[in-house]
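Here are my notes for someone opening this entry for the first time. Please keep the structure in view while reading the points below.

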Amino acid sequence: MEALGFRDDMADKSAVAAQNSLQLIAFSIGEQTYGVEITTVREIRAWNGATPLPNTREFVRGVINLRGTIVPIFDLRARFGDGPTSPTKNHVVVVMSVGDKWVGILVDAVSDILTVSRDDIHNVPEGNSIDTELLNGIVTHESRMVGLIDLHAVVSGAKMDS
């Protein structure tokens, strides 16, 4: 009887641990590593260009047609204020759902799937307003810092004010 109670206790602990963890897709922009929750990612695809749109900000690369769905593509490097990416065949677009819409973000490379504890997520330090505006938090994984992207913030303000 004791062993059965012990197993139930272990199952409860692993369920709590799973609830407290977060799986991220990690990707890089230069030397920086960023991540988004894996549940938001729909597809990872090679960069094949995008059709530019008028009256959009410099961080909007344009749109692609993904099996009949028009998906806007955001240049994450430009969104962070580091100038536009000069994409090569090695760059990738991570297609994600933001609410009920799909968006793509252009990144240098996808590197990993990370499992982190929600307890290990820290606030973004004050200093760089773009970072504090576009990141939900920072987590240390192994020896690197991973910025957690706030997708809603990244895609807001895409249209130029008239």
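**Notes on the fold**

1. Strands E1 and E8 pair in the antiparallel sense over eight bridges. Glutamine 23 stands opposite threonine 115 in E8. Two strands are said to pair if DSSP finds at least two bridges between them. Helices (H or I, at least four residues) and strands (E, at least two) are DSSP runs, numbered from the N terminus.

2. This is a predicted model, in which local features need pLDDT of at least 70 and side-chain atom pairs count only at pLDDT 80 or more, while totals for chains, interfaces and linings use all residues. Residues are numbered from 1 along each chain as its sequence is written, and side-chain values use heavy atoms, with hydrogens and water left out.

3. Overall, the chain has four helices and 10 strands. Along the sequence they follow the pattern α-β-β-β-β-β-α-β-β-β-α-β-β-α. Of the 162 residues in the chain, 40% are buried, where buried means under 20% relative accessible area, exposed over 50%, and partly exposed in between (1.4 Å probe, protein chains only).

4. The pairing of E1 with E8 belongs to an open sheet of five strands, in the order E8-E1-E2-E10-E9, with mixed pairing. Strand E8 (109-117) and E9 are at the edges and have a single partner strand each, so one side of each is left without a neighbour in the sheet. From one strand to the next the twist averages 35 degrees; for such angles, axes are lines fitted to C-alpha atoms, for helices over the stretch in contact, and angles run from 0 to 180 degrees between N-to-C directions.

5. Strand E4 (residues 60-66) pairs with strand E5 (residues 69-75) in the antiparallel sense over six bridges. Isoleucine 64 has valine 71 in E5 as its bridge partner. The hairpin of E4 and E5 has two residues between the strands, and arginine 67 there takes a positive phi near 50 degrees.

6. What does E5 pair with in the parallel sense? The partner is strand E7 (residues 101-107), over three bridges. Isoleucine 73 stands opposite glycine 104 in E7, and phenylalanine 74 stands opposite isoleucine 105. E7 also pairs with E6, in the antiparallel sense over seven bridges, with valine 93 opposite leucine 106. E6 and E7 form a hairpin with two residues between them, and glycine 99 in the turn has a positive phi of about 65 degrees. Five of the seven residues of E7 are buried, so E7 is largely enclosed by the rest of the structure.

7. The largest nonpolar core has 28 residues, of which Phe27, Val36, Leu76, Ile105, Val107 and Ile149 touch the most other members. Elements giving two or more residues to this core include strand E1 (21-29), H2, E7 and helix H4 (151-155). A nonpolar core is a set of buried Ala, Val, Leu, Ile, Met, Phe, Trp, Tyr and Cys residues joined through side-chain atoms within 4.5 Å.

8. Arginine 77 is found in helix H2 (residues 76-79). Arginine 77 counts as buried because its relative accessibility is 17%. Its side chain makes a polar contact with the side chain of threonine 85 (3.2 Å). A polar contact is a pair of N or O atoms within 3.5 Å; within protein, one must be able to donate a hydrogen and the other to accept it, and residues adjacent in sequence count only if both atoms are side-chain atoms.
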